[in-house]
Amino acid sequence: MVADAAASGLRHAGFVVDAVGSAESAETALVSEHFDLIILDLGLPGRDGLQFLASLRRGVSDRAGIPVLVLTARDGLDDRVAGLDRGADDYMVKPFEVRELVARCRVLIRRTGSMSASSLGFLGLELDRAARVLRGPDTAIELTPREWSILEYLMLHAEAVVPKAKLLQAISGWDDNIAPNAVEVYVSRLRAKIEGTGVVVRTVRGVGYRLERAPES
């Protein structure tokens with residue numbers, strides 16, 4: 001399925017992905033969760049994707065401004081114009097290359113400010129979001145996608161205490177069967193990888209985690 005291939009490719013690129021199969025399910029998800037981007041297939045069952053898009057853009061909540069990338073098998077000029085007129089931010093015709101989908105998603109999220117900086121820095125660490133590379137004082141440091149997501153979230157909220165629940169949300173989608181202690185496991189691995197860089201992840205007992213300067217630094 002197109003949705004499965006797209007979700008798999010995006011997860012491999014480091015995105016957290018939640019997938020639903022209808023406009024009704026999407027509306028429910030948008031009420032209860034925050035999303036940085038919607039990838040909308042126009043061939044939705046029951047209700048046309050363009051109707052869903054128009055309804056989304058008519059809303060008055062923050063979700064009305066979420067960027068939308070439309071996927072469709074309709075490749076005519078009139079179809080593309082109709083999608084853009086109803087509020088689509090980008091348009092891809094099926095079949096498509098997953099690498100291009102990933103690149104377009106990054107551009108749309110960056111354009112709206114959720115990923116406004118192409119890199120993040122904290123003391124001796126630089127997180128190059130475009131190249132997906134973490135650079136320490138002396139060398140590049142290899143991270144798994146979930147380690148990357150945790151460090152990215154901590155850097156976005158540098159020196160603030162980040163609740164454990166927020167980090168769990170950052171590394172998991174609805175379909176991921178992740179134990180509550182998964183954050184502790186990934187934070188422990190992250191600590192080991194950034195040891196000696198002058199940066200530590202401190203546990204604030206009963207609350208969460210905070211990125212700080214290492215005591216010896």
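Student: Which strand pairs with β9 in the antiparallel sense over six bridges?

Tutor: That partner is strand β10, residues 208–213. This is a predicted model, so we are reading computed geometry. As a general idea, strands of a sheet pair through backbone hydrogen bonds, either parallel or antiparallel.

Student: What is the order of the strands in the open sheet?

Tutor: The three strands run β8-β10-β9, with antiparallel pairing. The edge strands are β8 (162–163) and β9 (199–204), each pairing on one side only.

Student: Which helix lies across β8, β9 and β10?

Tutor: Helix α6, residues 145–156, does, and it runs at about 70 degrees to β10. Helix α6 also holds E152.

Student: Is E152 buried or exposed?

Tutor: Buried means under 20% relative accessible area. E152 has 16%, so it counts as buried. Leaving aside residues up to four places away in sequence, E152 touches L120, L127 and R129.

Student: How many bridges join β4 to strand β5?

Tutor: Four, and the two strands run antiparallel, with β5 covering residues 125–128. One of the bridge pairs is G121 with E126 of β5. Their hairpin has two residues between the strands, and L123 takes a positive phi near 55 degrees there.

Note on methods: Residues numbered from 1 in each chain as written. Predicted model: local features only at pLDDT ≥ 70, side-chain atom pairs only at ≥ 80, totals over all residues. Heavy atoms only, no water. Pairing = 2+ DSSP bridges. Contact = heavy atoms within 4.5 Å. Axes fitted to C-alpha atoms, helices over the stretch in contact; angles between N-to-C directions. Buried < 20%, exposed > 50% of the residue type's maximum accessible area, 1.4 Å probe, protein only.
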